[in-house]
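Subject: Structure handover and findings

Dear colleague,

Please find below the structure that I am handing over to you, followed by an account of what was found in it.

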Amino acid sequence: MAELSYRDAVIAGLAQEMERDERVVLLGEDLVSGGVFKTTKGLYEQFGPQRVWTTPISEQAIPGCAMGAAMTGLRPVAEIMFSDFYATCWDIIANEIAKSRYMSGGQFSLPLVVRSANGGGIGFATQHSQSLENWAMCVPGLKIAAPSNPADLKGLLAAAIRSDDPVLVFEHKALYPVKGDVPDDEHIVPLGAAAVLRRGIDVTLIGLARTVGLCTDAAAELAGSGIEATVLDLRTLIPLDAQAVLTSVADTGRVVIVEENPKQLGWGAGVAAIIAEEAFYDLDAPVTRVAGASVPLPFAQSLEEEMLPSVDEVVDMVQKLVAM
Amino acid sequence: MTRSKTASADAAAEAEAQEGEVTSGDLSLLATMLRMRAFEQRIYDAFSENKLRGPTHLGIGQEAIAAGFGAALEPKDSVLSTYRGHDHVIAVGAPLDQVAGEILGRATGLCGGKGGSMHLASAHHGHYGCYAIVGAHLPIACGVAWSAKLRGTDEVTVCFFGDGTTNIGAFHEALNIAAVWKLPILFVCENNLYMEYTRTSEVTAVERPAADRAASYGLEALVVDGNDVTAVLEVARDAVAAARSGNGPLLIEAITYRQGGHSRADPGDYRKEDEVAEWLTKDPITAYRKALEDRGADPGELDDVQAKAGAEVEAAFESAFGAPFPDVLQAHTDVWADGGSAWRN
């Protein structure tokens, strides 16, 4: 076990898979020099020019090349620097990568990963701060991972690379400096398995990536006032571990889903709908969501912080539910 | 650099060299074009008889390009094409009954009926898909070529696209990265003069929409008469050999004409009658047949080739029309690698 930052866990996950499988190749902007978030630092030096490719600023070419290579025997890992830039290549992602296995009647396999820096909270302003997992979640054919800690990042990235399906890995950029214990040995976290980080009988808090930390902080605070929360880290949205959600809601009867994307439509809305449809009679209170505000994220710190979900909002929501 | 003059000179030399006995290769090339033509005419008829749903985009008049490049490729090579892609799939040897079956939405189709006319694919024949979003497949084709290079093979990728594609961003991203990474890919523009319902020259800043842009990316470009199958084959052989030997990408702009409308809903009446009439006199199949006759081919033998192609197509459609529609359960397969469609537990 080593203490690694979330950033270095990306490097550890990529290196682990590049070491074991020579079909794993990296492509993206600035990768040879380590990437703007330093998430590929040292990999060019370690694996050489055949394995690590710097691309032009050509965001259709990046996933396009990954797709063509994946269909013909490689296992590429592409980087789209900021998830916001998916808007420039959504055709390749949503129309081509997501659909080609299906459209071809199963003739094509697309074992590829696209990584990107996602999410807000560190002043990157509105075009470099969005939480966009929900864009991918409405397109059948894409798997979605969004790790909340360094160990999961290494393990989910490894699982994504080994998957024969295309996986979008959303790395929360505010978490890059956060450190945590990461297994030194081969480490894989299966896609589709939520993690229970804390068990309590009063409420289920459901988070993803950075909002998992909000949930655990809120749970610690609530414990001080005698409210025991279960914290569930979904880890992947597709496949979705709906059973973990339903099982926990059956135990607690209350649920707060904490998501960073704008509340007007996020992944939490889909999870809430599953609970409403399938666990209605387990509920002691309405299914609730604490989410980002439905505005483009502003730049000024005083504005941005107010627009993102917070520990206080989660605590307030839980207290409201318990008081019902 | 545009080498149009060189290309036509080469083609002329080739034609001269071919004076003399007509070979089985020549007849095979004719047969391929005749199969394509008969196939698409049969599609058109099926549409007219209301036996076919969805859009279809025919390449009638453009067969020489797919046939010429098809004849220059080896089984290990790869092809990607557009929603006007029936000819390219036939060119790589996909079975006609499976192509017809896919277009008719049958279980026996190449893609089990999930793709349709615009999304034909035959991985077994190196055909990595027809793409219905203009420009999308150029970066994907670069990936196929990149993979061939990384895997240490000498496989060549041919990416067919239309003139309309040259004004979308993906075209420019693909040409640049192909040149920078020196990929073994041939970009083949089938310039049929129209992008959908509009003459391409009216919305394009340069005369040759593909070839004139190639120099911007350091790519060598060739312009060829896309209705002259002999010229296309010659250019294709040279280009494939160059790409195979590691010379990097090349762009070929083949000038042709879409004899019909953009899709089945389009009569193409925005074109002047005399323009259409003039291009009909340059029909690639008529021209090649005449060239073979001039070289001494027996007209009776050529008639036999034509009759055989027609019979093959008829048999393929008879088989396809007789095939079952896919079971509805099939709609829930092949979303994921495990064969299923489950997104949650």
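Predicted model: local features only at pLDDT ≥ 70, side-chain atom pairs only at ≥ 80, totals over all residues.

In chain B, Thr157(B) stands opposite Ile185(B) of strand E4(B). The two strands concerned, E3 (residues 157-162) and E4 (residues 185-191), pair in the parallel sense over 6 bridges; strands count as paired if DSSP finds at least two bridges between them. Between E3(B) and E4(B) the chain passes through helix H7 (residues 169-180), and this β-α-β crossover is right-handed, a term used if the path from the first strand over the helix to the second runs clockwise with the strands pointing away from the viewer. Helices (H or I, at least four residues) and strands (E, at least two) are DSSP runs, numbered from the N terminus.

Residues are numbered from 1 along each chain as its sequence is written, and chains are lettered from A and ligands numbered from 1 in the order in which they are written.

Chain B

Strand E3(B) also pairs in the parallel sense with strand E1 (residues 78-82) of chain B, over 3 bridges; here Leu80(B) stands opposite Cys159(B).

Chain B as a whole has 12 helices and 8 strands. Its radius of gyration is 20 Å, close to the 20 Å that the globule rule gives for 345 residues, so chain B is as compact as a globular protein of that length; the radius is taken over C-alpha atoms, and the rule is 2.2 Å times the number of residues to the power 0.38. The C-alpha trace of chain B spans about 60 × 50 × 40 Å along its principal axes, and 53% of the 345 residues count as buried.

Chain A

One open sheet in chain A has 7 strands in the order E3-E2-E4-E5-E7-E6-E12, with mixed pairing. Its edge strands are E3 (52-55) and E12 (236-238) of chain A, each of which pairs on one side only. Within this sheet, E2 (residues 24-29) and E4 (residues 75-82) of chain A run parallel and are joined by 5 bridges, with Ala78(A) as the bridge partner of Leu27(A). Helix H3(A) lies across E2, E3, E4 and E5 of chain A, at about 170 degrees to E4(A); axes are lines fitted to C-alpha atoms, for helices over the stretch in contact, and angles run from 0 to 180 degrees between N-to-C directions.

A second open sheet has 5 strands in the order E9-E11-E10-E13-E14 (chain A), also with mixed pairing. Strands E10 (residues 203-207) and E11 of chain A run parallel, joined by 5 bridges, and Thr204(A) has Thr230(A) as its bridge partner. Helix H9(A) packs on this sheet, touching E10, E11 and E13 of chain A, and its direction makes about 175 degrees with that of E11(A).

The peptide bond from Ile238(A) to Pro239(A) is cis, with omega near -5 degrees; Pro239(A) is in the loop between E12 and H9 of chain A. Phi is near 65 degrees, a positive value in a residue other than glycine, at Asp30(A) and likewise at Arg235(A). Asp30(A) is partly exposed, with 16 C-beta neighbours inside 10 Å, whereas Arg235(A) is buried, with 28 other C-beta atoms within 10 Å.

The interface

Contacts (C-beta atoms, placed from the backbone, within 7 Å) link 42 residues of chain A with 36 residues of chain B. Helix H3(A) gives the largest share of the chain A side, 8 residues. That side divides into 18 nonpolar, 18 polar and 6 charged residues, where Ala, Val, Leu, Ile, Met, Phe, Trp, Tyr, Cys and Pro count as nonpolar, Asp, Glu, Lys and Arg as charged, and the others, Gly among them, as polar.

Yours sincerely

Methods
Contact = placed C-beta atoms within 7 Å. Buried ≥ 20, exposed ≤ 12 C-beta atoms within 10 Å, placed from the backbone.
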